[in-house]
Protein chains: 2
Amino acid sequence: MSFSPLIRQLIDALRILPGVGQKTAQRMALQMLERDRSGGLRLAQALTRAMEEVGYCRQCRTLSEDELCPQCADPRRDDSLLCIVQSPVDVFAVEQTGFRGRYFVLKGHLSPLDGLGPEAIGIPELLVRVAEGQFSEAILATNPTVEGEATAHYIAQLLIPKGLTLSRIAHGVPLGGELDLVDGGTLAHAFAGRKTITL
Amino acid sequence: MSFSPLIRQLIDALRILPGVGQKTAQRMALQMLERDRSGGLRLAQALTRAMEEVGYCRQCRTLSEDELCPQCADPRRDDSLLCIVQSPVDVFAVEQTGFRGRYFVLKGHLSPLDGLGPEAIGIPELLVRVAEGQFSEAILATNPTVEGEATAHYIAQLLIPKGLTLSRIAHGVPLGGELDLVDGGTLAHAFAGRKTITL
């Protein structure tokens, strides 16, 4: 006992959000009820529309309510460059780099132990996309994890025979970091990938 | 450009939640879209119902969709004890102590600089509630802040002449803490409020 049923239901429903536990859900529910009911209603409408209407882009498989996502629909982008990422959120991250080619979004990474083989993550659709396009280079921007590397390697083996240049985003020390905070594996990659300075 | 309009609207709408910035909102929106659409729809329904139907308890002024909240509607609670708190979330906190009296929820604390006088925080309604009830003791459980203390002091001055015993929750060191992490003001209160040990 203590909260009335509707408030309790709202608190329980908020807990599906990542990183939201009981205390945070309580605070969210009560803050909306006490200070921002119109914002709460707007959120409810945005949720309903997004959950019901958002599907996947026919071409790059990212989340989109239109048949073609904004990136695929834009005629000014470079049709010779394909960036392959693991999830829709990565498209947003890569967009911030200034990349203006095309995308293909996998459904995660290969993970045989979880039963995620090439079909489950969308490799057949990737091959169709590559066959239909006129790409000269494919940039593998899967995550720098063991699974992401394995997925990148697998895709490279499939696409190189098709005449594409395959590249992998560079590993190294992040900008603004300090060397003693960087892990050994990353630092080893940064040394192995060192570049000659030319004046 | 990058997210389609509906996804962007959802991300913007999520940012009204306390503690949720752009990155967290993105993660929440994409996680719901990719993994838990039914949870997202449930959340939308819970939000809509709560925002539209939850009002305030007629008696204690906490948030409730019924005319009487669960605490006020329960006939087995102690009608001689009144606990006065600053907000609905405090009711939940006090319930966990095992307190089984009645409640009155203020709308925050007195704050003359922000234009929040006795009327704004619900003091007139508190006086009506006290006049209608048969309370023998009122426990002031406003926050242990300067404003909370001032509000408690103000209420005590109003209610003591009406024949009630007024009490304030104890200040002191929290259980499980370490003395050197406790601030000086709290420690001073803990010394001033020390209790003789009897065997």
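Predicted model: local features only at pLDDT ≥ 70, side-chain atom pairs only at ≥ 80, totals over all residues.

I began with Cys83(A): its sulfur lies 11 Å from the closest cysteine sulfur, that of Cys60(A), which is too far for a bond. Cys83(A) has 3% relative accessibility, so I put it down as buried (under 20% relative accessible area with a 1.4 Å probe, protein chains only; exposed is over 50%, partly exposed in between).

Cys60(A) is in none, with the nearest cysteine sulfur, in Cys69(A), 3.5 Å away. Cys60(A) is buried too, at 1% relative accessibility.

Residues are numbered from 1 along each chain as its sequence is written, chains are lettered from A in the order in which they are written, and side-chain values use heavy atoms, without hydrogens and water.

Next I turned to the interface. I found 52 residues of chain A in contact (heavy atoms within 4.5 Å) with 52 residues of chain B. The buried area (accessible area lost on putting the two together, 1.4 Å probe, summed over both) is about 5,300 Å², and carbon and sulfur atoms give 73% of it. Leu6(A), Pro18(A) and Met51(A) supply 14% of what chain A buries against chain B, more than any other three residues.

Last, I looked for salt bridges (a Lys or Arg side-chain nitrogen within 4 Å of an Asp or Glu carboxyl oxygen) between chain A and chain B, and the count is 0.

Technical notes. Disulfide = S-S within 2.5 Å.
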